[in-house]
Amino acid sequence: MYYAISHLTLYQYSEPISDSVMELRMHPRSDGIQRVIRFNLNVSPDTRIFSIKDYLNNTIHHFNIPALHESLAIKAEAIVEVKQPPPLPDTLPESAWDEIDSAIQDRDLYDFLLDGKYTQATFLLSQFAQEVDWRRRGDPLSLVRELNSIIYDAFEYQSGVTRVDSLIDEALSARRGVCQDFTHIMLTMLRQVGIPARYVSGYLFHRTDVGDRSDEDATHAWLEAWLPSLGWVGFDPTNNLIVGNRHVRVNISKDYDNASPSRGIFRGNASTELEVGVQVKQLDELPYEHVELAPEMAMPRYQYYQAPKQSQQQQQQ
């Protein structure tokens, strides 16, 4: 499948600000079944953009705007190919638990068993775990599949109940939340039984005949669990899916703390209004030339702030 992705972020400030420093995680990954064919990033007011790779091979763009400005626009556009992953077996042997215990001696795997900022066990989580009889039993693959369905059935999808910085107790208490909340809960529970798991942020192509619960005009979050002989396998508890070729991976991390699409700091005393738009379209064929992928999501052109000139009175001699 080929997808055209447009991600527009607009910041409006109540007062002019300066020394704005931003970090972006919007560049889809090229690995496994996924390949980035084209990526373009625009920022307004104009500035120079740099990029680095972190230790998990995520692409991170960063820039700064030192001069005064009242608005900031960021638009990322990508064309990505995502292939269908190979089918999973129905089960794994129960001996797979021993293979997991042996494999986590690897430091990179062991890191995904440790708590993150948003993936820490709580009393409410312990209560939920007892409610669903959460413990090692059967085989790891069947258990992860079961938890994926349990969270889907136990929680209602509703925006506005939690925030991007909410801890898992807010969703556990309300039994409502969004993809980020469900992913954090499932990550924490998987790590409790010794299954390495990592947070994945990206995009989901919504099909009209499926009825996905997540918002169509927003980014999406799910997780990957490491399983013997299978490697990293994606699970989407928001939609009770095993991740296939409708999910576009952008960033992997321990939890949302290192997955925000955009974050930064600035100098000034101003409140901020944030507006985000996301569009994911399936392509029947690849465009031969560079075209704007989402012309209806126009990229504003902002200028640096110009202070109004004060009128000067001339004194008569």
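A residue counts as exposed when its relative accessible area is over 50%, and as buried when that area is under 20%. The model here is predicted.

Start with helix α3, residues 123–131. Its buried residues are Leu125, Phe128 and Ala129. They span an arc of only 100 degrees around the axis, so they lie on the same side of α3. Helix geometry accounts for such a pattern: an α-helix has 3.6 residues a turn, so residues three or four places apart point the same way. Turn to the other side of α3. There, Phe123, Gln130 and Glu131 are exposed.

What do the buried residues of α3 pack against? Their partners are α4 (140–154), α5 (168–174) and α6. Take α6, residues 179–192. The axes of α3 and α6 are 11 Å apart and meet at an angle of about 70 degrees. Angles of 65 to 115 degrees count as roughly perpendicular, and α3 and α6 are therefore roughly perpendicular to each other. From α3, Leu125, Phe128 and Ala129 take part in the contact. From α6 come Ile185, Thr188, Met189 and Gln192. Of these contact residues, five are nonpolar, two are polar and none is charged. After α3 comes Asp133, with a positive phi near 55 degrees.

Now move to the sheet. Five strands form an open sheet in the order β11-β10-β9-β8-β12, with antiparallel pairing. β11 (241–242) and β12 (247–253) are the edge strands, each pairing on one side only. Two bridges join β10 (231–236) to β11 in the antiparallel sense. Here Phe235 stands opposite Ile242 of β11.

Helix α4 links the two parts of this tour. It packs against buried residues of α3. α4 also lies across β9 (220–227), β10 and β11, at about 20 degrees to β10.

Technical notes:
Residues are numbered from 1 along each chain as its sequence is written. This is a predicted model: local features need pLDDT of at least 70, side-chain atom pairs count only at pLDDT 80 or more; totals for chains, interfaces and linings use all residues. Side-chain values use heavy atoms; hydrogens and water are left out. Axes are lines fitted to C-alpha atoms, for helices over the stretch in contact, and angles run from 0 to 180 degrees between N-to-C directions. Helices (H or I, at least four residues) and strands (E, at least two) are DSSP runs, numbered from the N terminus. Angles under 35 degrees count as roughly parallel, over 145 as roughly antiparallel, 65 to 115 as roughly perpendicular and the rest as oblique. Contact means heavy atoms within 4.5 Å. Ala, Val, Leu, Ile, Met, Phe, Trp, Tyr, Cys and Pro count as nonpolar, Asp, Glu, Lys and Arg as charged, and the others, Gly among them, as polar. Buried means under 20% relative accessible area, exposed over 50%, partly exposed in between (1.4 Å probe, protein chains only). The arc is that of the directions from the helix axis to the C-beta atoms. Two strands pair if DSSP finds at least two bridges between them.
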